[in-house]
Amino acid sequence: MQRSGPIHGTPLISKRNGLFAAALIAAGILLLVSLTLGMPNVALSASLKGLAVWWEVLFPALFPFFVLSELLLGLGIVHLTGTLLDPLMRPLFRIPGVGGFVVAMGFASGYPVGAKLTSSLMEQRLLSRSEGERLVAMTTSSDPIFLIGAVCIGFFGRSDIVPVLAAAHYGGAMLLGLMLRWTGSREERELAASKASVRGGEGIRVGKRGSPGILARALAAMRQAREADGRSFAVMLQQSLQSSLQLMIVVGGLVVFFSATLELLLHGGLLSGLREALAWGMNLAGLSPHLADSLVRGTFEVTLGSNAAADSGSLSSASAPSPPLIDQVAAAAFVLSWAGLSVHAQVAGLMSRTNWRYLPFLRSRLIHAALAVSLVYLLWPFLYRA
């Protein structure tokens, strides 16, 4: 039997791509090792800074939500809320009702809790790949404690920018979710529309009869999920604590790694070209080139980028005065919505057991960042009060 060219050539192409990726990763590791050996003090200082961020900010903020989300999944609460929110989530975002629980938890607890919950739901086959990709893109956001307490109050020292930054960041995430509902195959969109219309009709009929039909279905879904889980609460709590601790160690390792990588690349002069290019582009656009450092740092780590955006207000020179506050807030909104490669790695690690794809997530992060910046300039005259 004669084989067709594309099918016969695909393994060779995939093998070449794999070898190229492996060689690229090996070269990057060798570069980092060389920089670490050449600048051990920089590596140690940056690692300690990343460890402090993990222990003082991320661990107390994320660990309770990780444990709580595991318990709510095991108790069937997610299935209950999913049934109740299904008539709302499908028409708006083309996502099943369980996505409403992920949206609430993701916005309340910040990245990467949304990815953790989405991964669990995809493993239980409650979400398809496209639904999971849209949900992760929408729920990869900062938690309010970090946005308000760390960025606005801690870094900027201002409470008057909270309404603008919060509306731009979370409003951009919601707009992203509405935009992504049109992605996917035509057959999938038609199937989702038919499900939404059927379930919406059921909700209307139930309301007219005065019967608690949707509540009964939600309670039945919770009971079935609890029976399928089968663990006692003590076992569930123990396993939730173990898995959450393991996940927090992974998150901490990634934060320390990217913090050290960023400082080594900056001190080694390897990011100078990128910073100069960004500064030149901002100067052409009428923006202060002092914001370039926040974007370079924010590319790797969201905390360092947000801090640099706030610090740019104290930088000034004869050729480049310090940026106005609105530009600093826009830079912080960009960094928070892009989330940094550290968060990207955390999300990719959490989603690795599913058929999730990274490229749509990367594209959505850029779109979210652009939407957040646009909303800062659009909402500034209405929400900012000095």
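Arg125 sits in the loop that runs between helix α5 and helix α6 (129–139), where helices (H or I, at least four residues) and strands (E, at least two) are DSSP runs numbered from the N terminus. The model is a predicted one, in which local features need pLDDT of at least 70 and side-chain atom pairs count only at pLDDT 80 or more, while totals for chains, interfaces and linings use all residues. Residues are numbered from 1 along each chain as its sequence is written, and side-chain values use heavy atoms, with hydrogens and water left out.

**Backbone details**

Phi of Arg125 is near 60 degrees, which is a positive value in a residue other than glycine. Arg125 is exposed, with a relative accessible area of 77%; here buried stands for under 20% relative accessible area, exposed for over 50%, and partly exposed for what is in between (1.4 Å probe, protein chains only). Ala339, which is not a glycine either, has a positive phi of about 80 degrees, and this residue belongs to the loop between α15 and α16. Ala339 is buried, its relative accessible area being 0%. In the loop between α4 (98–109) and α5 lies Pro112, and the peptide bond that leads from Tyr111 to Pro112 is cis, with omega near 5 degrees.

**The chain as a whole**

The protein chain has 17 helices and zero strands. Of its 386 residues, 48% are buried. Among the contacts with a separation of 6 or more, 76% are between residues 24 or more positions apart, a contact being heavy atoms within 4.5 Å.

Helix α13 (residues 292–300) is mostly covered, since eight of its nine residues are buried. The buried residues of α13 include Leu295, Val296 and Phe300, along with Asp293 and Arg297. Among the elements that cover them are α11, α12 (272–284), α14, α15 (325–338) and α16.

Arg90 lies in helix α3 (residues 77–93) and is buried, at 8% relative accessible area.

Leu371 belongs to helix α17 (residues 358–383) and counts as buried, with 19% relative accessibility. When residues up to four places away in sequence are left out, Leu371 touches Gly172, Leu175, Leu176 and Met179. Leu371 and Ala168 are 203 residues apart in sequence, yet their C-alpha atoms are 7.6 Å apart in space.

**Aromatic pairs**

A pair of aromatic rings is described by the distance of the centres and the angle of the planes. Rings of Phe, Tyr and Trp (its six-membered ring) pair if their centres lie within 6.5 Å; planes under 30 degrees apart count as stacked, over 60 as edge-to-face and the rest as tilted. The whole structure has 10 aromatic pairs, including the two in the table.

| Pair | Centre to centre | Angle between planes | Type |
|---|---|---|---|
| Trp54 and Phe59 | 5.5 Å | 80 degrees | edge-to-face |
| Phe257 and Phe258 | 5.3 Å | 85 degrees | edge-to-face |

Phe257 is partly exposed, at 42% relative accessibility, whereas Phe258 is buried, at 12% relative accessible area.

**The largest pocket**

The largest pocket holds about 530 Å³ of space. On a 1 Å grid over the protein atoms alone, a cavity is a set of points where a 1.4 Å probe fits but cannot get out, and a pocket is an open set with protein on both sides within 12 Å along at least five of seven lines; lining residues have an atom within 4 Å of a point. The points are joined across faces, edges and corners, and a volume is the space filled by probe spheres set on them. This pocket is lined by 25 residues, with Glu70, Lys116, Ser120, Glu123 and Arg353 nearest its centre. Helix α11 gives the most to the lining, with six residues.
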